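These are my notebook entries on a single protein chain. I set down what I looked up, entry by entry.

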Amino acid sequence: MDSRLNKPLALAMVAVALILGVLLGMTSGIADRIFGGPNPKTIATSSLESMRAQNRLTVFAARYVSVVSSQQQRFGGLVSSERTLILPGDVRYELDLARLQPKDVSWDGSSNTLKVLLPEVEVAGPDVDINAVKEYGGGGVLSSLTNANQQLDQTNRARAVQDLRKQATATVPMQLARQSARAAVERSFAMPLQAAGFKDVKVVARFPTDGADNPSYIDLSTPYEEAIKEAERRRAAEGKK
């Protein structure tokens, strides 16, 4: 797995929300001082609305490579055909910020802690890199007499996309994605609060399944036929440029 904690991407995607949140937080802070002091709940609510307006945030991205082989035998095993496929694909780990609700954000005044309950990470992809696909093998007599190679290639593609999904939802990448999501959301809420004068505020973001043995997630994976067709369409579009 060639994974990368895409901090520049995550920071770029939350930049608008941070700026709006800071401005809204400062505006709310000024009004609150006039009417009796800054209110962290008001500032947090403003930040929440700014984040919800983004809809989706990519918190992590990774590339995986699947290598699969399939074999077909005919005539009692006298002739056979074997094909090997190397299929790379990119996967995105996203937060649907529109699912954040006011009830998911709570303020604990006794510990100066803002608590945020996050929606589960959604796994989107894989986006197959069709330009990097490699297929090897031949069938000799069997492939010349039948459509064995075509059948094996189809089998390999289905297995490879399934394997990419399995890699993407393994424990380590899911943990990295969730860690990145927590950090991005905590920054988004902390900056407006700090700008309004709450220097000692702590923001804690967590998932409903934190602490569970089997954390859940939403799978937005593309069916393998669509993944391959979409990759072929992108390659054809690039070839026309």
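**Entry 1. Conventions.** I take helices (H or I, at least four residues) and strands (E, at least two) as DSSP runs, numbered from the N terminus. The model is a predicted one, in which local features need pLDDT of at least 70 and side-chain atom pairs count only at pLDDT 80 or more, while totals for chains, interfaces and linings use all residues. Residues are numbered from 1 along each chain as its sequence is written, and side-chain values use heavy atoms, with hydrogens and water left out.

**Entry 2. Confidence.** I looked up pLDDT, the predictor's confidence in each residue, from 0 to 100. The protein has a mean pLDDT of 79, and 73% of its residues reach 70 or more. For residues 16-36 the pLDDT is below 50, and I note 29 contacts (heavy atoms within 4.5 Å) of this stretch in the model beyond near neighbours in sequence. Residues 140-145 also have pLDDT below 50, with 8 contacts beyond near neighbours in sequence. Where pLDDT is low, the predicted coordinates should not be read in detail.

**Entry 3. Arg83.** I located Arg83 in strand 3, which spans residues 79-96. Is Arg83 buried or exposed? I use buried for under 20% relative accessible area, exposed for over 50%, and partly exposed for values in between (1.4 Å probe, protein chains only). Arg83 counts as buried because its relative accessibility is 12%. Its side chain forms a polar contact of 3.0 Å with the side chain of Asp153. By polar contact I mean a pair of N or O atoms within 3.5 Å; within protein, one must be able to donate a hydrogen and the other to accept it, and residues adjacent in sequence count only if both atoms are side-chain atoms.

**Entry 4. Glu94.** I found Glu94 in strand 3 as well. With 8% relative accessibility, Glu94 is buried. Which side chains does the Glu94 side chain meet in polar contacts? One is that of Arg56, at 2.7 Å; another is that of Arg92, at 3.0 Å. Not counting residues up to four places away in sequence, Glu94 touches Arg56, Leu57, Thr58, Glu120, Val121, Glu122 and Ala124.

Entry 5. I count two strands as paired if DSSP finds at least two bridges between them. Strand 4 (residues 105-108) and strand 5 (residues 113-117) run antiparallel and are joined by 4 bridges. Val105 has Val116 of strand 5 as its bridge partner. There are 4 residues between the strands of this hairpin. Asn112 lies in this loop and has a positive phi of about 50° although it is not a glycine. Asn112 is partly exposed, since its relative accessibility is 25%.

**Entry 6. Other backbone points.** Asn55 sits in the loop between helix 2 (40-52) and strand 2 (56-74), and its relative accessible area of 42% makes it partly exposed. The peptide bond from Gly125 to Pro126 is cis, with omega near 5°; Pro126 belongs to strand 6.

**Entry 7. Core and helix 5.** I looked up nonpolar cores, defined as sets of buried Ala, Val, Leu, Ile, Met, Phe, Trp, Tyr and Cys residues joined through side-chain atoms within 4.5 Å. The largest has 47 residues, and those with the most contacts inside it are Tyr93, Leu95, Val116, Val185, Phe189 and Val203. Helix 5 (residues 171-195) gives the most to this core, with 8 residues. Helix 5 has 25 residues and reaches 36 Å from first to last C-alpha, close to the 36 Å expected (1.5 Å times one less than the number of residues). Gly197, with a positive phi near 105°, follows helix 5.

**Entry 8. Phe207.** I placed Phe207 in the loop between strand 8 (202-206) and strand 9 (218-221). Phe207 is buried, at 0% relative accessibility. Phe207 and Val116 are 91 residues apart in sequence, with 8.5 Å between their C-alpha atoms. Leaving aside neighbours within four places in sequence, Phe207 is in contact with residues including Leu95, Leu117, Arg178 and Ala181.

**Entry 9. Ala132.** I found Ala132 in the loop between strand 6 (122-128) and strand 7 (134-136), partly exposed at a relative accessible area of 26%. Its C-alpha is separated by 7.2 Å from that of Leu87, 45 residues apart along the chain. Leaving aside neighbours within four places in sequence, Ala132 is in contact with Ile86 and Pro88.
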